[in-house]
Amino acid sequence: MLNRVITEEKALKKLSALCAKGEHSTGEADTKMRQWGLEAHARARVIAKLVNAKFIDDRRFATFFIHDKIKFNHWGRRKIEVSLRQKGVDSQIIAEALDEVPDSEYLEILRPMIKSKIETTKAATDYERAMKTIKWAAGRGFSLELIRQCIDSADEYNDAEADEYPED
């Protein structure tokens, strides 16, 4: 498919319509305009107009993106951070938006995921099972500190359950 060069006005119109449907970052808008063949100065003017008209707001985008990825994709802080950087969001905005999310929100989704993963992971030893679980959770972007909290609480739950139903 050939990239067609479009005018600055047409780019503004298309991006306004796109941003009216959902949140987008300045980086995403810039990437689109590059694909359309717009010059750097034209891209900057279009982005400035979109920002001034409040069609694009990277802080708002980051906040919505973070909450969506935590709630629906069950991602951790690191994976979200990398994804936002890829979308062209400024590092300072990313850090501020991520700092607003309490650890308890990550733990709320991570605990049941860890419990399920531990129960379904095949391993020769508990140590091997824990290492596989840690690697899996780290791949989803969670910090080692949060992962350890969840594994420790899962171990405590399993110990309590074993005490409740002793073998004969």
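Modeller: First, a term: buried means under 20% relative accessible area, exposed means over 50%, and partly exposed lies in between (1.4 Å probe, protein chains only). This is a predicted model, where local features need pLDDT of at least 70, side-chain atom pairs count only at pLDDT 80 or more, and totals for chains, interfaces and linings use all residues. Residues are numbered from 1 along each chain as its sequence is written, and side-chain values use heavy atoms, with hydrogens and water left out.

Colleague: What is the relative accessible area of Lys 49?

Modeller: Lys 49 belongs to the partly exposed class. Its relative accessible area is 43%.

Colleague: Which residue meets Lys 49 in a salt bridge?

Modeller: A salt bridge is a side-chain nitrogen of Lys or Arg within 4 Å of a carboxyl oxygen of Asp or Glu. For Lys 49 the N to O distance is 4.0 Å. The partner is Glu 8.

Colleague: How many residues apart in sequence are the parts that Glu 8 and Lys 49 tie together?

Modeller: Helices (H or I, at least four residues) are DSSP runs, numbered from the N terminus. Glu 8 lies in helix α1 and Lys 49 in helix α3. The pair therefore ties together parts whose separation in sequence, in residues, is 41.

Colleague: Is Glu 8 buried or exposed?

Modeller: Glu 8 has a relative accessibility of 16%. It therefore counts as buried.

Colleague: How far apart are the closest N and O atoms of Arg 45 and Glu 8?

Modeller: Arg 45 is partly exposed, at 42% relative accessible area. It forms a salt bridge with Glu 8, and the closest N and O atoms are apart by 2.8 Å.

Conventions. Helix = DSSP H or I, 4+ residues; strand = E, 2+ residues; numbered from the N terminus.
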